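Have a look at it first.

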Amino acid sequence: MAAIGGALVGILVIAVIGLLVAALILKLSVRMVEGFSPGYGRSLLVVVVAAIIGFVVNMVVSAAMGVGGAALPAMDGSEAAAAAAASMMGAMMGAMAVSLLASLFITAACVNWLIKHPDGRAIGYGRSLLVSLLYLVIATVLGIVIGIVLGVVIGLGAAGMAASMG
């Protein structure tokens, strides 16, 4: 039970750090597209609101496409089981693509709604869409880099542990 609690705390810490970093990425994206940098609190608010709305939309899309509710069929080697598994994987990929597009438009709407120029005028949805696209590209590249670095570090640690055990 303590391991589950520790894992949940770890997930919560990673989620909070992810939101804080995402707000910095959003500030950078607005700066690059619009030439000004919004406040950190405002950027954090945009990221949190977009994440909540995106989560709800992702659940609706997953339910509508029938993803996540059923377990994979037993792989008994039959063609029917292979076709069912391929169909489910296709539905999952489709749901991920729809969720990614929805995330782009949701983030753009939140940027347009919550971030204003220093003189008070709105950014506009088109420019907000550019901010959102840049934000998603930077976040994706950063996520890939962090994943590779963590993979190398964990792999080296595991190799070191295996070498020390014999």
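A nonpolar core is a set of buried Ala, Val, Leu, Ile, Met, Phe, Trp, Tyr and Cys residues joined through side-chain atoms within 4.5 Å. Keep in mind that what you see is a predicted model. Its largest nonpolar core has 22 residues, and Leu26, Val46, Val111, Ile115 and Tyr135 are the ones that touch the most other members.

Zoom in on Ile115. Skipping its neighbours within four places in sequence, Ile115 is in contact with Leu26, Val30, Phe36, Pro38, Arg42, Val46, Cys110 and Ile123.

Now for the helix pairs. Two packed helices are described by the angle between their axes and the distance between the axes. Take α1 (residues 2-34) and α4 (residues 125-165): their axes come within 9 Å and cross at roughly 135°. An angle over 145 degrees would count as roughly antiparallel, so α1 and α4 are oblique to each other. Their crossing is right-handed. On the α1 side, the contact includes Leu26 and Val30, while Tyr135 is among the α4 residues. By class, this contact of α1 with α4 has 15 nonpolar, one polar and two charged residues.

What about α3 and α4? Their axes come within 8 Å and cross at roughly 125°, which makes α3 oblique to α4. This crossing is right-handed. Val111 of α3 and Tyr135 of α4 are among the residues making the contact. Sorted by class, the contact of α3 with α4 has eleven nonpolar, five polar and no charged residues.

Key:
Residues are numbered from 1 along each chain as its sequence is written. This is a predicted model: local features need pLDDT of at least 70, side-chain atom pairs count only at pLDDT 80 or more; totals for chains, interfaces and linings use all residues. Side-chain values use heavy atoms; hydrogens and water are left out. Axes are lines fitted to C-alpha atoms, for helices over the stretch in contact, and angles run from 0 to 180 degrees between N-to-C directions. Helices (H or I, at least four residues) and strands (E, at least two) are DSSP runs, numbered from the N terminus. Angles under 35 degrees count as roughly parallel, over 145 as roughly antiparallel, 65 to 115 as roughly perpendicular and the rest as oblique. A crossing is left-handed if the near helix is turned anticlockwise from the far one by less than a right angle, and right-handed if clockwise. Contact means heavy atoms within 4.5 Å. Ala, Val, Leu, Ile, Met, Phe, Trp, Tyr, Cys and Pro count as nonpolar, Asp, Glu, Lys and Arg as charged, and the others, Gly among them, as polar. Buried means under 20% relative accessible area, exposed over 50%, partly exposed in between (1.4 Å probe, protein chains only).
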